[in-house]
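Here is a short tour of a model, written for someone who likes cut-offs spelled out. Have a viewer open while you read.

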Amino acid sequence: MKHVLAFGASLTEGYHNGGYDFHPYTIRLEQLLKTKGEFMVWNYGISGQTTKDMIQRLPNIFKEKGSNFFSAAIILGGTNDLWERTPEKTIVNLYKLHSIMISNGLISFAVTLPELKFEGDPEFKWLTETRNIVNHQLM
């Protein structure tokens, strides 16, 4: 069996409907992967975390499961960082997360940050610009 680590914050955890409901993407991902073989997707999303928080949390997962438990990781992080308006710091933190995954023998996949509902408002033009900077570096 191959174990996939889904690592992130609220979007990984499945946050929607203002936090009244949670429906993580990992449920459907696991269904799709199982059509290709024996896969289990482990959801390690915690709402509200920044990439800095994620860096601090990641070693505990490897301590809990062992560094050889997972074969791949999907990282979706940085949305909460956008409010700090420091895309360079977010990019550095995301690189650190991917480096940790790779150094533990995992294939590491980056997910770009999705558009947020606030982005249609001209007052939040900076949010779109910040998100685009981060996403450009992830591609």
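## Ground rules

This is a predicted model, so to speak of local features takes a pLDDT of at least 70 and side-chain atom pairs count only at pLDDT 80 or more, while totals for chains, interfaces and linings use all residues. Residues are numbered from 1 along each chain as its sequence is written, and side-chain values use heavy atoms, with hydrogens and water left out.

Helices (H or I, at least four residues) and strands (E, at least two) are DSSP runs, numbered from the N terminus.

Start with the open sheet: 4 strands in the order 4-1-5-6, with parallel pairing. Two strands pair if DSSP finds at least two bridges between them. Strand 4 (39–45) and strand 6 are at the edges, and each has a single partner strand, so one side of each has no neighbour in the sheet. On average, neighbouring strands here are turned by 20 degrees against each other, direction ignored; axes are lines fitted to C-alpha atoms, for helices over the stretch in contact, and angles run from 0 to 180 degrees between N-to-C directions.

Now the pairings. Strand 1 and strand 4 run parallel and are joined by 7 bridges, with Gly8 opposite Gly45 in strand 4. Strand 1 is also parallel to strand 5, through 5 bridges, and there Leu5 stands opposite Ala73. Strand 5 then pairs with strand 6 in the parallel sense over 4 bridges; Ile75 has Ala110 in strand 6 as its bridge partner.

How much of strand 5 is buried? The count is 5 of the 5 residues, so strand 5 is largely enclosed by the rest of the structure. (Buried means under 20% relative accessible area, exposed over 50%, partly exposed in between, with a 1.4 Å probe and protein chains only.) Ala72, Ile74 and Leu76 point one way from the strand, Ala73 and Ile75 the other way, and all are buried.

Helix 3 lies across strand 1, strand 4 and strand 5, and runs at about 155 degrees to strand 1.

## Nonpolar cores

A nonpolar core is a set of buried Ala, Val, Leu, Ile, Met, Phe, Trp, Tyr and Cys residues joined through side-chain atoms within 4.5 Å. The largest one has 25 residues, and those touching the most other members are Leu5, Phe7, Leu58, Ile61, Phe70, Leu97 and Met101. Two or more residues each come from strand 1 (2–8), helix 3 (51–65), strand 5 (72–76), helix 4 (87–103) and helix 5. Helix 3 gives the largest share, 5 residues.

A second, separate core has 5 residues, including Val4, Phe39, Val41 and Ile74.

## Rings and charges

Rings of Phe, Tyr and Trp (its six-membered ring) pair if their centres lie within 6.5 Å; planes under 30 degrees apart count as stacked, over 60 as edge-to-face and the rest as tilted. That rule gives 9 aromatic pairs. One of them is Trp83 with Phe124, edge-to-face at 6.1 Å centre to centre and 85 degrees between the planes. Trp83 is in the loop between strand 5 and helix 4, Phe124 is in the loop between strand 6 (107–110) and helix 5, and the two are 41 residues apart. Trp83 is partly exposed at 39% relative accessible area, whereas Phe124 counts as buried at 19%. Trp83 also pairs with Trp126: the centres are 5.6 Å apart and the planes at 75 degrees, so this pair is edge-to-face. Trp126 lies in helix 5, so the pair ties together parts 43 residues apart in sequence. Trp126 is buried, at 16%.

Elsewhere, ring pairs link Trp42, Tyr44, Phe69 and Phe70 into a cluster. A charge sits over a ring if NZ of Lys or CZ of Arg is within 6 Å of the ring centre and within 35 degrees of the ring normal. Lys65 lies over the face of Phe69, 5.3 Å from the ring centre, and the charged end of Arg85 sits over the ring of Trp126, 3.7 Å from its centre.

Not counting residues up to four places away in sequence, Thr130 touches Leu82 and Pro87.

How values were computed
Contact = heavy atoms within 4.5 Å.
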